[in-house]
Amino acid sequence: AVELAKIAAEVEKESFKLEYKRDGRYEEDLAMSLEEQRMQLEGEKEKALEELRTQLNAEKEKAIAETKKSQWCANCSGPAMYHCCWNTSYCGYQCQKGHWPQHMNKCEQQSRAAQQQAQMDGMVLARQVAGDPGSPPDVLQEHLNDRPD
């Protein structure tokens with residue numbers, strides 16, 4: 001009797017499935033289920049893409065900030081380690097030497113050194129003219145002879 005009840009329940013279940021499929025409700029429910037899954041997957045894809053965009057933008061901004069902190073060779077645009085002026089750096093001696101003709105008129109170090117040299121020349125000359133005993137005539141001549149032209 002128990003066995004017979006199980007078989008009857010199974011037959012009833014299969015009959016319901018057949019009727020369900022014949023009525024067309026099966027295809028409707030299946031299509032609706034597939035559409036819901038597609039929409040869910042589309043939402044997950046958009047969320048993943050937005051997270052990836054956010055991560056890549058953060059990495060890009062970090063790389064830009066690091067690049068802005070770096071100094072670049074004025075001659076070859078490679079990473080610079082040696083600094084001449086506040087805005088002029090070089091990767092090595094060869095680049096500095098190669099770029100010197102363009103840079104020499106703008107070089108702040110050159111300008112500052114020339115000003116200091118002129119001040120020194122003026123002080124020595126003033127002492128000499130004033131007859132300062134701490135500045136014998138040969139000191140002025142030695143100073144002028146040591147100057148690079």
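1. A term is needed at the outset. A residue is called partly exposed when its relative accessible area lies between the limit for buried, under 20%, and the limit for exposed, over 50%. With a relative accessible area of 36%, E35 is therefore partly exposed. It should be kept in mind throughout that this is a predicted model.

2. The next topic is the salt bridges. A salt bridge requires a side-chain nitrogen of Lys or Arg within 4 Å of a carboxyl oxygen of Asp or Glu. By this rule the count is 3 salt bridges.

3. The side chain of E35 forms a salt bridge with that of R38, with an N to O distance of 2.7 Å. Both residues belong to helix 2, which covers residues 25-69. In that helix E35 and R38 stand 3 residues apart, or about one turn.

4. E42 and K45 are both found in helix 2, separated by 3 residues, about one turn of the helix. Relative accessibility is 33% for E42, which counts as partly exposed. K45 is partly exposed as well, at 45%.

5. Which residue forms a salt bridge with R53? The partner is E50, and the closest N and O atoms lie 3.4 Å apart. R53 and E50 are 3 residues apart in helix 2, which means that about one helical turn separates them. R53 has a relative accessible area of 44% and is partly exposed. E50 is likewise partly exposed, with 44% relative accessibility.

6. Attention now turns to S89, which is located in strand 2, residues 88-90. Is S89 buried or exposed? S89 has a relative accessible area of 1%, and because buried means under 20%, this residue is buried.

7. The surroundings of S89 also deserve a remark. The side chains of S89 and Q71 are joined by a polar contact of 3.1 Å. If neighbours within four places in sequence are left aside, the residues in contact with S89 are Q71, W72, C73, A74, A80, Y82, H83 and C84.

Technical notes: Residues are numbered from 1 along each chain as its sequence is written. This is a predicted model: local features need pLDDT of at least 70, side-chain atom pairs count only at pLDDT 80 or more; totals for chains, interfaces and linings use all residues. Side-chain values use heavy atoms; hydrogens and water are left out. Helices (H or I, at least four residues) and strands (E, at least two) are DSSP runs, numbered from the N terminus. Buried means under 20% relative accessible area, exposed over 50%, partly exposed in between (1.4 Å probe, protein chains only). A polar contact is a pair of N or O atoms within 3.5 Å; within protein, one must be able to donate a hydrogen and the other to accept it, and residues adjacent in sequence count only if both atoms are side-chain atoms. Contact means heavy atoms within 4.5 Å.
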